[in-house]
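Subject: Structure for your files

Hello,

Here is the structure I said I would pass on. My notes on what was found follow below it.

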Amino acid sequence: MACFEDPDDWVQRRMGRMIVDEQRTKVQREPRRELRKRPTWMTIDNGTTKIECFVLDVSPGGAKIATDTALDVRDSFELALVPEHTTRQSCEVVWRRGKTYGVKFLS
């Protein structure tokens, strides 16, 4: 008769199912370099419109950037990490939090 079993036994069995003996394996992230608001520029419309922004950190696969004002940042744009060079990095926005954006490098 399951409905009349000892409540302590039932609690122990339920708690036993919640205990995990195995440790979680850590996922290795890409190495990041913090840049402390290094100025850079987003370019949209084939480079005709430049918007100043700041790179907060960068990794081989993407970056975290911020703007001074809230902008309607498009889903993809180009980022000039070094202003003196004409090289632009194609980016795609993967997350947004206010004026801060996480971008993934496309090439």
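Lys-104 and Glu-92 form a salt bridge, and their closest N and O atoms are 3.4 Å apart. Note that this is a predicted model. The pair links distant parts of the chain, with Lys-104 in strand β6 (residues 100-105) and Glu-92 in strand β5, 12 residues apart. Neither end is buried: Lys-104 is partly exposed at 38% relative accessibility, and Glu-92 is partly exposed at 29%.

The count of salt bridges comes to two. The other one joins the side chains of Asp-75 and Arg-96, with an N to O distance of 2.6 Å. Asp-75 sits in the loop between β3 (62-66) and β4 (76-80) while Arg-96 belongs to strand β5 (residues 89-97), so this pair ties together parts that are 21 residues apart in sequence. Asp-75 is exposed, at a relative accessible area of 51%, whereas Arg-96 is partly exposed at 39%.

Next, the overall layout. The chain contains one helix and six strands, and the order from the N terminus is α-β-β-β-β-β-β. Strands β2 and β3 run antiparallel and are joined by five bridges. They form a hairpin, with two residues between the strands. Within this pairing, Val-55 has Ile-65 in β3 as its bridge partner.

Which residues have the most contacts inside the largest core? They are Met-42, Ile-65, Phe-77, Leu-79 and Val-103, in a core of 15 residues. Each of β1 (33-44), β2 (49-59), β3, β4, β5 and β6 supplies at least two residues of this core. In general terms, nonpolar side chains tend to be buried together in soluble globular proteins.

Leaving aside residues up to four places away in sequence, Val-103 touches Gly-61, Gly-62, Ala-63, Ile-65, Phe-77, Cys-91, Glu-92, Val-93 and Val-94. That list includes Ile-65 and Phe-77, which are named with Val-103 among the residues with the most contacts inside the core.

Some totals for the chain remain. Of its 107 residues, 25% are buried. The accessible surface comes to about 8600 Å², and carbon and sulfur atoms account for 49% of that. Among contacts between residues at least 6 apart in sequence, 41% join residues at least 24 apart.

Regards

How values were computed:
Residues are numbered from 1 along each chain as its sequence is written. This is a predicted model: local features need pLDDT of at least 70, side-chain atom pairs count only at pLDDT 80 or more; totals for chains, interfaces and linings use all residues. Side-chain values use heavy atoms; hydrogens and water are left out. A salt bridge is a side-chain nitrogen of Lys or Arg within 4 Å of a carboxyl oxygen of Asp or Glu. Helices (H or I, at least four residues) and strands (E, at least two) are DSSP runs, numbered from the N terminus. Buried means under 20% relative accessible area, exposed over 50%, partly exposed in between (1.4 Å probe, protein chains only). Contact means heavy atoms within 4.5 Å. Accessible areas come from the Shrake-Rupley method with a 1.4 Å probe; for residues, only the protein chains shown count as cover. A nonpolar core is a set of buried Ala, Val, Leu, Ile, Met, Phe, Trp, Tyr and Cys residues joined through side-chain atoms within 4.5 Å. Two strands pair if DSSP finds at least two bridges between them.
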